[in-house]
Each structure stands twice: as C-alpha cells, then as structure tokens.
Amino acid sequence: MTTMSGVDWDAYARDVAQRLVEARERAGLTQDAVARRAGIATFTYQKLEKGESNPGTPANPRLQTIVALAHALEVDVCDLVPRQG
C-alpha cells in the first residue's frame, strides 16, 4: 500500500481506473477512441484503466491528462476523481 497523506494511493488509483472504464462504457467508446480524443497514447490510456503507471506502481496522471480524458468522455472532472475521506 502506497500512502499519500494517509490516503491509500493504490486504492485511489483503482477507483479512478474504475471510473474511467464506466465512463468509457457509458459513452460507447473503445479505449483507442478515448485515447485519440484525449490526445494520449492508447497504451497510456490502457494503463490508466488498470490503475497503474508501471507494473506494481499506482497510476499518477497529470491534471492535464485528467482534464483531457473528462473532455473526451464528456463528463466532469469530478466524475473521474474520487473525493477523499
């Protein structure tokens, strides 16, 4: 478990990943389509949906990436990023 100010970062990254999957499926898009719309590599997007940056390392996308993904999925950023506590 990787912690960040008392937050279980692994669990947080998995929650973001699940939110990405759900938003993509609701939008009826493929991983490739979301990645293209957001201007990121498909491989990068696939890793975000797994909640990881590298095997065993929780995802930590830049704010710019989160905003681009929200735009690509036509959701609010707050729909992708869980609240703390």
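This is a predicted model: local features need pLDDT of at least 70, side-chain atom pairs count only at pLDDT 80 or more; totals for chains, interfaces and linings use all residues.
Residues are numbered from 1 along each chain as its sequence is written, and side-chain values use heavy atoms, without hydrogens and water. Local features need pLDDT of at least 70 and side-chain atom pairs count only at pLDDT 80 or more, while totals for chains, interfaces and linings use all residues.

One aromatic pair is found in the structure (rings of Phe, Tyr and Trp, the last by its six-membered ring, with centres within 6.5 Å). The ring centres of Trp9 and Tyr12 lie 5.3 Å apart and the planes meet at 15 degrees, so the pair is stacked (planes under 30 degrees apart). Both residues belong to helix H1 (residues 9-27), where they are three residues apart, about one turn of the helix; helices here are DSSP runs of H or I with at least four residues, numbered from the N terminus. Trp9 is buried at 16% relative accessibility, and Tyr12 is buried with a relative accessible area of 16% (buried means under 20%, with a 1.4 Å probe and protein chains only).

Turning to the helix packing, H2 (residues 31-38) and H3 (residues 42-50) pack at about 115 degrees with axes 8 Å apart; axes are lines fitted to C-alpha atoms over the stretch in contact, and angles run from 0 to 180 degrees between N-to-C directions. H2 is therefore roughly perpendicular to H3 (65 to 115 degrees). Gln31, Asp32, Val34 and Ala35 of H2 make the contact with Thr42, Tyr45, Gln46 and Glu49 of H3 (heavy atoms within 4.5 Å).

Conventions. Rings of Phe, Tyr and Trp (its six-membered ring) pair if their centres lie within 6.5 Å; planes under 30 degrees apart count as stacked, over 60 as edge-to-face and the rest as tilted. Helices (H or I, at least four residues) and strands (E, at least two) are DSSP runs, numbered from the N terminus. Buried means under 20% relative accessible area, exposed over 50%, partly exposed in between (1.4 Å probe, protein chains only). Angles under 35 degrees count as roughly parallel, over 145 as roughly antiparallel, 65 to 115 as roughly perpendicular and the rest as oblique.
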